[in-house]
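Here are some notes for a colleague who is opening this entry for the first time. Please keep the sequence and the model side by side while reading them.

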Amino acid sequence: MTVPLDRAGAILTIDLDAIAANWRLLSARIGGAPCAAVVKADAYGLGADKVASALETAGCRDFFVAHLEEGIALRGTLADGSRVFVLNGIPRGTESDFVAAGLIPVVNTLAELSAWRDYARATQRILPTALQIDSGMARLGLAPKDVSTINAEPSRLEGLSLRLVMSHLACADDPAHSANGSQRLQFNRLRAMLPPVPASLANSSGIFLGGPFHFDLVRPGAALYGINPKPSHPNPMQRVVHLAARVIQLREVPSGAGIGYGQAGLANRASRLATIALGYADGWPRNAAMKAIFEGSSLPFLGRVSMDSIILDITDAPLQPREGDLVDLICAEQTLDDVARAAGTIGYEILTRLGSRFHRRYIYRDTEMDQRP
């Protein structure tokens with residue numbers, strides 16, 4: 001849904017230049033190894049077509065999505081020389097779709113591997129393939145016994161051109177966690193049982209664990225979009241999203257007035273309130289009772305977050321917002337990670353929940369452009 005600016009209750013601004021700058025920063029940290037981009041879930045909700053195009057222009061050539069349909073959609077926006085990997089493997093019977101779209105499946109099970117090999121034989125093709133190893137996360141990937149089976153039966157890889165062997169770190173955002181080193185050792189042990197091809201282990205936080213985790217390709221996702229990959233340190237990434245909501249009503253209430261659902265808020269003095277057009281239907285967490293920012297002043301939430309609106313206490317604001325004005329919800333003063341902490345979750349969830357009712361504005365090469373139908 002494309003929402004015209006003059007009808008939108010809120011505006012989400014997405015800085016593609018900042019995403020490209022974040023990719024370049026991560027690329028610089030890893031020396032010579034290529035830096036991929038994870039653009040699954042519509043580039044974490046920000047628009048995979050626009051995000052991937054900006055990253056490709058910046059020099060990125062390897063992209064990761066979760067599902068086949070995401071890969072098919074993305075393939076149409078990228079140049080032939082760029083690669084698209086599909087993390088969640090090959091749904092039964094979709095082998096021809098992968099080939100037609102020029103996608104590289106990340107194979108996670110022996111059954112998938114057999115079906116992919118059989119399709120290669122039946123079509124007399126050499127099919128590009130990535131293998132994922134479960135090195136200690138117990139989510140996706142070949143178990144150690146599966147890797148041993150492939151090592152003992154090399155014919156399972158016949159007709160396949162192995163392009164990448166990868167795994168995923170479970171605890172990379174905690175540099176001191178012992179699982180990081182254990183997974184790296186397990187990954188090295190298991191990949192040594194497979195043909196010598198490029199290897200990949202590091203996600204966004206994994207990049208900051210240092211050179212031994214970089215291997216031949218890194219796969220940042222969240223850090224590209226401004227989420228802090230080092231939660232206990234200052235965020236090294238540029239801020240990517242800005243969310244502002246429109247004031248749709250002003251009112252004055254007496255001391256003691258109940259405010260919002262359940263009258264959960266209470267005016268402890270005569271107060272001036274502003275209602276903004278943003279709520280949990282737009283992805284704002286119902287339990288994130290925070291503030292908005294207007295002309296440098298904090299406007300605290302008062303009462304519960306509703307489906308389509310939030311009530312602000314503007315009594316003490318030196319500059320009073322008027323109906324139609326925009327107040328900031330995600331900005332320099334209140335970051336995506338701040339909102340996530342207040343909601344007891346992570347920036348990934350906040351970002352991917354941001355809804356479709358916003359007017360979306362993109363910044364690219366220092367020029368603002370509105371989303372087109």
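This is a predicted model: local features need pLDDT of at least 70, side-chain atom pairs count only at pLDDT 80 or more; totals for chains, interfaces and linings use all residues.

1. Residues are numbered from 1 along each chain as its sequence is written, and side-chain values use heavy atoms, with hydrogens and water left out.

2. Seven strands form an open sheet with parallel pairing, in the order β2-β3-β4-β5-β6-β7-β8; two strands pair if DSSP finds at least two bridges between them, and the strands (E, at least two residues) and helices (H or I, at least four) are DSSP runs numbered from the N terminus. Because β2 (37-38) and β8 (199-200) stand at the edges with a single partner strand each, one side of each is left without a neighbour in the sheet.

3. Strand β3 pairs with β2 in the parallel sense over two bridges, and Val 38 has Phe 64 of β3 as its bridge partner. With β4, strand β3 pairs in the parallel sense over four bridges, and here the partner of Phe 63 is Val 84 in β4. Further along, two bridges join β4 (residues 83-86) to the parallel strand β5 (residues 104-107), with Val 86 partnered by Pro 105.

4. Which way do the residues of strand β3 (residues 62-65) point? Asp 62 and Phe 64 point one way and Phe 63 and Val 65 the other, and all are buried, where buried means under 20% relative accessible area, exposed over 50% and partly exposed in between (1.4 Å probe, protein chains only).

5. Helix α1 (residues 16-29) and helix α3 (residues 48-58) have axes that come within 9 Å and cross at roughly 50°, the axes being lines fitted to C-alpha atoms, for helices over the stretch in contact, and the angles running from 0 to 180 degrees between N-to-C directions. Leu 16, Ile 19, Ala 20, Trp 23 and Arg 24 in α1 meet Lys 50, Val 51, Ala 54, Leu 55 and Ala 58 in α3, contact meaning heavy atoms within 4.5 Å.

6. A search of the whole structure finds zero disulfides, a disulfide being a pair of cysteine sulfur atoms within 2.5 Å. For Cys 60, the nearest cysteine sulfur is that of Cys 35, 6.5 Å away. Cys 60 counts as buried at 0% relative accessibility, and Cys 331 counts as buried at 2%.

7. Asp 174 is found in the loop between β7 (160-166) and α8 (178-191), and with a relative accessible area of 35% Asp 174 is partly exposed. Asp 174 and Arg 189 are 15 residues apart in sequence and 23 Å apart in space, C-alpha to C-alpha.
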